[in-house]
Amino acid sequence: MHSHIFTQRALALGASLLCLSLSAWAQEAVPQAASMKEQGQSEKLSKVVLTGNPLRQQELAQPSNVLDGDALILRRGSTLGETLEGLPGLSSSYFGPNSNRPTIRGLDGDRVRMLSNSGASVDASSLSFDHAVPLDPLVIERIEVLRGAAALLYGGNAIGGVVNTIDNRIPRQAPLGDGGLSGATELRLGGAAAERNGAMVLEGGDKRFVWHADASARRAQDLRVPSFTAEGVTAQVVRNSASDSHGAALGGSLLFANGFAGLSVDDSRNNYGVTVEPDVTVEMQRQRLSAAGEWRFDSKETPPKEAALVQRLSWSMGSTRYEHREVEGTGAVGTIFKSRGKDLRVELEHAKLGPLHGVIGLQLEDSDFSALGAEALVPSTSTRNGAVFVLEQFSSGPLALSAGARLESVRVDSRGDEAANGGEERFGAPSRRSFSPHSLSLGGSYKLLGKAGTANTANTATSHGLSLTANLNSTERAPMFYELHANGVHVASGAFERGDAQLRTESALGLDLGLVWQGSQEMLRLNVFRTRFSRYIALDATGVQIEADGQSLPEYAFKSVPALMQGFELEGRMDLPQLRSGAKLSLTAQLDAVRGENRESGEALPRLAPLRASLGLDAQQDQWSGRFELRAAARQDRVPALDRPTAGYAIVKLSLARQFRFAGTDGLWYLKLDNLGNKLAYSASSVATIRDLSPLPGRSAHTGVQLRF
């Protein structure tokens, strides 16, 4: 009943916003198109960091990373976690080559919010390490990462940070130039898994309507690795790690004088092996219908004295159907995971009121989850989440301050044993828990030296000089359904897991300090952070062995413990003297570390990346570019009592690329050589049950070409 009420309200609000857009488009599209034609101009929305930056300020006080353009092409991996691995403060929950979810500052799962075009990405990847994220990096145009709590804008599930993937499936601007057909196509071959990847993006339209279509496919064999021994067997491939995926999307937008309104539909499918279970294959599918739009009330023709109090209204909404089946080697379906989700987000930006400039917002989310089968770990559940938030910014000379608050209402309903197999009593009677998390944030930046500069290569404005940034946040997260109601064997972790239906909200107080030096040819950035959890929901061993399915398994239970996470990130770049040949050289370096512990027992928190360092040398001459990179990780011996230390390693990477023109199109050819020394290495952020079974990729060569027209 409540699900239908939420759906009706969300659809009603979305329909109202869409009708407003259609009405405005009908009234203004033709005059605006004529006016722009007369002026020979096209409407262009500048690129901004959307994640955590609704006010479009030039700089973020919070540490962030942006990957786009050629930098993204050359870094792109087969999964999102692999693509982001190695950025400052980022690692991945490496569960073989197919299941990699980003980890930020040692926090993973539902403490890192996964977004698609700033909207919710509904899947089951946070429930288990062997569940893949249903996003293909090959069709992503831009990835934005916020390191540190972004719960103010995106809820308690962003207590560790946000990863926002951006495509152009709902176009926001008219084509450049005379319009017509444009797009890109890319082919990638090779790598440690002998991949065959391909993708194509097509776009077209005019100043009134623009459309987008994309399709991608990927096939990979079992991952090749240096010789290793696990479970008494020596091998040079990771067993059951092959995959076959494909997807497609279609979208379009109406454009008008002060905004846009659009729709898109996408379908992605992925069949992949689960290394920890040698005869199990996951058949995954996600379908999503999305809508988004924006209306800007201010215009260049409006005199300043008559400017509207409300400057911008933006919205996004989506409906997602997700399902994955775990298929045994015999063809029998073991467990079916299903998730149905709807989300709606509305932001209203007000004009400056004296020195204040701000935004208020509303966010609604509705998800239904079920897991049926022999390995059903949790009961069928429904989660309803509603939130309001406000963010205000004050600027005066070199000082910029921001403050905000978010109030949430979360309800988790368990259907108990009503859907359990064979009437088995495992999850108890139906139940309901309600939570009221809240988040507060205060941030600021102060320019100690220097003045505003120009845009950098990430298409975000920067400043020359020395700046100090600080963020203080108080964050609460409602426990997830599996933390409340898990009760069964979790094959991926090799344990019997129990939830606690009486868990309270997770609560943390965090401080982040940053110092940035930005010159014309150099950059140095230092961030230190400390997050103190009064209640951290941990999955800890109880010391009890449980007899289940004919085997004895250790019992792990979710419980609240006091915890502490702290660390630093240091990164720098400088240009070297130009060679006589005209080649331009630049040097990059990075060092980061995170340390976490249970303040009650003094024991280390699990799956933390060790001290890591990287050194890179980039060279560019005319249309050629190349990069040498050395990545090193120290031994991780600060582990929980039931885990084992992970050895350190050093890996060398090389890449070569060339820009070219072909038949009137812009092209990029690249060659990537990874792990040149064929070093046997393991990820310390992997769950212990998979770490020994799946080393990091061995020596490989990967080549590809992209054409843009």
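In these legends, a contact means that heavy atoms of two residues lie within 4.5 Å. The model shown is predicted.

**Figure 1. Ser-439 and the residues around it in the predicted model.** Ser-439 belongs to strand β22, which covers residues 438–455. Is Ser-439 buried or exposed? Its relative accessible area is 2%, and buried means under 20%, so Ser-439 is buried. Leaving aside residues up to four places away in sequence, Ser-439 touches Ala-151, Leu-152, Gly-404, Ala-405, Arg-406, Ser-474, Thr-475 and Glu-476.

**Figure 2. Asn-487 and its polar partner.** Strand β24 spans residues 487–490 and contains Asn-487. Asn-487 has a relative accessibility of 14%, so this residue counts as buried. Which side chain makes a polar contact with the side chain of Asn-487? The partner is the side chain of Arg-498, at 2.9 Å.

**Figure 3. Phe-337 and Phe-369, a tilted pair of rings.** The structure holds eight aromatic pairs, and this view picks out one of them. The ring centres of Phe-337 and Phe-369 are 6.2 Å apart and the planes meet at 40°, so the pair is tilted. Phe-337 sits in strand β17 (residues 333–353) and Phe-369 in strand β18 (residues 356–373), so the pair ties together parts 32 residues apart in sequence. Phe-337 is buried, with a relative accessible area of 6%, and Phe-369 also counts as buried, at 6% relative accessibility.

**Figure 4. Strands β31, β32 and β33 side by side.** Follow the strands across this view. Strand β31 (residues 624–633) runs antiparallel to β32, and 10 bridges join the two. Within β32, Leu-654 stands opposite Phe-628. On to the next partner: β32 and strand β33 (residues 665–674) are also antiparallel, joined by nine bridges. Here Phe-660 stands opposite Gly-667 in β33. How many residues lie between β32 and β33 in their hairpin? There are two, and Ala-663 in the turn has a positive phi of about 50°.

**Figure 5. The largest nonpolar core, and a second one.** The largest nonpolar core has 27 residues. Which of them touch the most other members? They are Phe-95, Leu-223, Val-274, Val-276, Tyr-649 and Ile-690. The elements β11 (224–230), β15 (281–296) and β32 (649–662) each give two or more residues to this core, and β11 supplies the largest share, with three residues. Look also at Leu-223: not counting residues up to four places away in sequence, its contacts include Tyr-94, Pro-97, Ala-192, Val-237 and Pro-695. A second, separate core has 18 residues, among them Ala-376, Tyr-482, Ala-486 and Ile-537.

**Figure 6. The whole chain, for orientation.** Stepping back, the chain has six helices and 34 strands. Of its 709 residues, 53% count as buried. Among contacts with a separation of 6 or more, 66% are between residues 24 or more positions apart. The chain exposes about 30600 Å², and carbon and sulfur atoms supply 57% of that area.

Key: Residues are numbered from 1 along each chain as its sequence is written. This is a predicted model: local features need pLDDT of at least 70, side-chain atom pairs count only at pLDDT 80 or more; totals for chains, interfaces and linings use all residues. Side-chain values use heavy atoms; hydrogens and water are left out. A nonpolar core is a set of buried Ala, Val, Leu, Ile, Met, Phe, Trp, Tyr and Cys residues joined through side-chain atoms within 4.5 Å. Buried means under 20% relative accessible area, exposed over 50%, partly exposed in between (1.4 Å probe, protein chains only). Helices (H or I, at least four residues) and strands (E, at least two) are DSSP runs, numbered from the N terminus. Accessible areas come from the Shrake-Rupley method with a 1.4 Å probe; for residues, only the protein chains shown count as cover. A polar contact is a pair of N or O atoms within 3.5 Å; within protein, one must be able to donate a hydrogen and the other to accept it, and residues adjacent in sequence count only if both atoms are side-chain atoms. Two strands pair if DSSP finds at least two bridges between them. Rings of Phe, Tyr and Trp (its six-membered ring) pair if their centres lie within 6.5 Å; planes under 30 degrees apart count as stacked, over 60 as edge-to-face and the rest as tilted.
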